[in-house]
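Try each task before reading its solution.

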Amino acid sequence: MDQSLRISQLKGADIATESAALAQLRLTVFREWPYLYGGTLEDEYEYLQSYVGCADSLAILVWYGEECVGVSTMLPLAQAKVAVQAPFKQHGVEIGSVAYFGESIVLKPWRGQGLGVRFFELREAHARHLGLSMCAFCAVVRPADHPARPADYVLNDAFWTRRGYRKRPELETRYDWVDVGSSERSSKSMQFWLREL
């Protein structure tokens with residue numbers, strides 16, 4: 001990792017102190033493929049309330065000087081939104097034992113320097129500290145022939161697999177948002193990946 005980068009960790013209500021940085025970074029990175037997210041700051045502040053309102057949540061921020069260049073979050077699945085919990089309950093997974101990992105995003109100039117690995121390490125350590133035995137996250141599923149897919153895009157599947165995560169096709173939820181270039185919300189499939197600690 002570049003020695004000019006600094007990592008800070010915030011928990012629970014303290015996350016609110018950097019809500020603006022988190023919201024802006026999410027809007028910037030998630031506009032890219034494959035999310036194509038055309039959200040607003042209001043959407044972001046509403047989303048972040050789940051973390052601010054949870055005493056056991058964690059936000060990891062990466063700084064280059066005063067600029068936030070990377071963010072990763074987690075909270076216990078039992079305190080996540082209903083849409084996240086639903087597929088686990090449907091398939092008999094005990095949600096009280098699961099850590100839910102939110103985003104793991106980095107601005108383009110800082111990718112490929114090990115921040116993704118560090119994000120997983122820190123979130124898994126926090127999950128162990130909370131006594132949780134499983135970690136989960138979800139990722140959007142887009143058609144391989146989607147017209148907005150960059151020709152050089154590489155899936156993260158191999159990276160996640162190396163970290164010990166496995167795709168669970170039966171665990172799926174759906175999120176709605178406005179795609180970049182669209183004016184209406186549409187539903188997207190979100191596929192879960194799991195790892196036992």
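**Exercise 1.** In this predicted model, work out how many of the residues of strand S3 (residues 67-76) are buried, and say what follows for the strand.

*Solution.* Start with the cut-off: a residue is buried when its relative accessible area is under 20%. Nine of the 10 residues in S3 are buried, so the strand is largely enclosed by the rest of the structure.

Next, look at its partners. Strand S2 (residues 58-64) pairs with S3 in the antiparallel sense, over seven bridges. S3 also runs antiparallel to strand S4 (residues 98-106), and six bridges join these two.

Now pick out single positions. Tyr64 is opposite Glu67 in S3, while Gly70 has Val106 in S4 as its bridge partner. Finally, find the hairpin of S2 and S3: two residues lie between the strands, and Gly65 there has a positive phi near 65°.

**Exercise 2.** Describe how helix H1 (residues 19-29) packs with helix H2 (residues 41-52).

*Solution.* First take the geometry: the helices pack at an angle of about 120°, and their axes are 9 Å apart. Angles from 65 to 115 degrees would count as roughly perpendicular and those over 145 as roughly antiparallel, therefore H1 and H2 are oblique to each other. The crossing of H1 past H2 is right-handed.

Then list the contacts. From H1 come Ser19, Ala20, Leu22, Ala23, Gln24, Arg26 and Leu27, and they meet Leu41, Glu44, Tyr45, Tyr47, Leu48 and Val52 of H2. Sorted by class, this contact comprises nine nonpolar, two polar and two charged residues.

**Exercise 3.** Is Glu124 buried or exposed, and which residues is it in contact with beyond its neighbours within four places in sequence?

*Solution.* Locate Glu124 in helix H4 (residues 115-129). Its relative accessible area is 3%, so Glu124 is buried. Setting aside the neighbours within four places in sequence, Glu124 is in contact with Phe101, Cys135, Arg163, Tyr165, Arg195 and Leu197.

How values were computed: Residues numbered from 1 in each chain as written. Predicted model: local features only at pLDDT ≥ 70, side-chain atom pairs only at ≥ 80, totals over all residues. Heavy atoms only, no water. Axes fitted to C-alpha atoms, helices over the stretch in contact; angles between N-to-C directions. Helix = DSSP H or I, 4+ residues; strand = E, 2+ residues; numbered from the N terminus. Parallel < 35°, antiparallel > 145°, perpendicular 65-115°, else oblique. Left-handed = near helix turned anticlockwise from the far one by under 90°. Contact = heavy atoms within 4.5 Å. Nonpolar A, V, L, I, M, F, W, Y, C, P; charged D, E, K, R; others polar. Buried < 20%, exposed > 50% of the residue type's maximum accessible area, 1.4 Å probe, protein only. Pairing = 2+ DSSP bridges.
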